[in-house]
Amino acid sequence: MVAAEFVVVANRLPVDRILTPDGEEIWRTSPGGLVAALEPMMRSVDGAWVGWAGQADLQIEPFEADGIRLLPVTLSEQEIQDYYEGFSNDTIWPLYHDVIAPPQYHREWWEAYVEVNRRFAEAAADAVAEGGTVWVHDYQLQLVPEMVRGLRPDVTIGYFHHIPFPSHGLYAQLPWRDQVLRGLLGADVIGFQRAQDAANFLAAAKRRLSHETKASSITLPDGRMPLVKAFPISIDTTPYRELAQRPDIRARALEIREGLGNPKHILLGVDRLDYTKGIRHRIKAYGELLDQGRISVEDVAFIQVASPSRERVDAYMHLRDEVELAIGRINGDHDTLGHTAIRYLHQGFPREEMVAMYLAADVMLVTALRDGMNLVAKEYVATRADNRGVLVLSEFTGAADELRQALRINPHDIEGVKDAIVGAIEMPRAEQSKRMRALRKRVLENDVDAWSQSFLRALEQAGRTRHRRHEG
Ligand code: GDG
């Protein structure tokens, strides 16, 4: 196998395996922003992508899809339970989102996490060319940077963390807190979504490992100085802008409004069904507004898309029950034969339909209790070419650091959320337009391409410094 100059390591490969009705296997590129951001670069520099194909016990040889070399990592059913659903999604995920749900600490989950991280690291170390670059993504693979460094001291290593990094007071709960810090510190550039996440990581490294830290770097005992910095991620704005102009999709947006009985205002929520997203808080606020008669179902409809997520993890099963109970009650109390209070969709939709919903929505509700960035907020903004519409945005999202002209809310403050919803509904056109114009400028200028370019520039710089040190 030819070695690759640039290797991306992520939990998932950027493709989904599809079996056609006649039993043929095909691979479809998943529409995620990460692939879109890295695709041009991966093609130009001879890149490879290490990841899991999304199904248990799938033994597949490396293959190529859309010009990218894919190197599949196999996970057993037990490893999916322990490494992925367990340690990644039931230990790290809740801990790093400020313990909104109680993290579960199990030694066998940790052991599987170490084992699987080693498999990813070995695959990357085997694939990368002499002096090449490895870019590791996200919380499922925090040990990979140190492991790759151990196997391949010649390569430059980047790591990007897509979710929050908690304050030390919470992080300190993790029984394997020092191992995880050392894992991440194997990278030359450690990127976070917000400046606060980078600061939390630096504080943890200083407190736990007694490393010397400066504004954005750490000095390690071996003399290496990894860069620790915020690189706020964004979206590929092009498909959103283009789809938002398409006549059939604009017609579909009108049809959606009609289907809801032509309400004056449509509120929209789009989230994976996850307890970090504040879906219950949003539903409660809307329900109370109806109870109090401040709004009516004839005037204000609420569409909530809650795409199925992590359905085998207990906390997600409970959340689904709670959300569906709350919605059932509100709809039971307030629906009429012509109007539904909350149109709840526990389904995934094609991007075209998502854009039609963004176009139909007068108010976008993003009420996350904690969120690394929140791309939905940016997608909504990207589709609003007429500068109409209001974004209600939780201050606990990474996006809130950038999208200053949104209506900011604290999702825990239900009265505040209610006032923001009413404020959004009543906002004069001129103010909507002033805010949206500024939001759009921000999102269109700082797209995913700008994000990957700035991370890669930092990585290149780190690589040059390292080579100089080696030679010197
Ligand atoms: C993690 C961090 C960070 C959702 N339902 C459907 C659908 N989606 C798309 C959205 C959006 C994406 O999924 C969700 O991205 P978010 O950023 O909102 O949230 P997470 O999934 O939690 O992502 C987050 C992100 O990583 C990137 O670093 O921003 O903070 O938690 O693009 O549109 N897309 C389609 N159908 C659906 O039903 N097509």
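**Figure 1. Helix 13 and the shell around the ligand.** In this predicted model, the element that gives the most to the shell around the ligand is helix 13, with three residues. The shell counts 19 residues, and the closest to the ligand are His-162, Ser-307, Gly-372, Met-373 and Leu-375. Sorted by class, the residues around the ligand comprise 10 nonpolar, five polar and four charged ones.

**Figure 2. Strand 7 and its two parallel partners.** Strand 7 (128–137) is mostly covered, seven of its 10 residues being buried. On one pairing, strand 7 runs parallel to strand 1 (residues 4–12), and five bridges join the two; within this pairing, Ala-4 stands opposite Val-128. Strand 7 is also joined by five bridges to strand 8 (residues 156–160), again in a parallel arrangement, and here Val-136 has Tyr-159 of strand 8 as its bridge partner.

**Figure 3. The crossover from strand 7 to strand 8, with Asp-138 in the loop.** Strand 7, helix 4 and strand 8 together make a β-α-β unit, and this unit is right-handed. Asp-138 lies in the loop that leads from strand 7 (128–137) to helix 4 (144–151). Its backbone has a positive phi of about 80°, although Asp-138 is not a glycine. Is Asp-138 buried or exposed? Asp-138 is buried, because 20 other C-beta atoms lie within 10 Å, and 20 or more is what the criterion for burial asks.

Figure 4. Asp-98 is not a glycine, yet its phi is positive, at about 55°. With 15 C-beta neighbours inside 10 Å, Asp-98 counts as partly exposed, since that class covers the counts between the limit of 12 or fewer for exposed residues and that of 20 or more for buried ones.

Figure 5. Leu-38 belongs to helix 1 (residues 33–44). Leaving aside residues up to four places away in sequence, Leu-38 touches Val-8 and Ser-452. Leu-38 is buried, because 23 other C-beta atoms are found within 10 Å of its own. The C-alpha atom of Leu-38 is separated by 22 Å from that of Ala-377, a residue 339 positions away along the chain.

**Figure 6. The setting of the close-up views in the whole protein.** The protein has 17 helices and 18 strands. Its radius of gyration is 23 Å, close to the 23 Å that the globule rule gives for 472 residues, so the protein is as compact as a globular protein of that length. Taken along the principal axes, the box filled by the C-alpha atoms is roughly 70 × 55 × 45 Å. Of the 472 residues, 48% count as buried, and among the contacts with a separation of 6 or more, 74% are accounted for by residues 24 or more positions apart.

Key:
Residues numbered from 1 in each chain as written. Predicted model: local features only at pLDDT ≥ 70, side-chain atom pairs only at ≥ 80, totals over all residues. Helix = DSSP H or I, 4+ residues; strand = E, 2+ residues; numbered from the N terminus. Rg over C-alpha atoms; globule rule 2.2 N^0.38 Å. Contact = placed C-beta atoms within 7 Å. Near = placed C-beta within 6 Å. Nonpolar A, V, L, I, M, F, W, Y, C, P; charged D, E, K, R; others polar. Pairing = 2+ DSSP bridges. Right-handed = clockwise from strand over helix to strand, strands pointing away.
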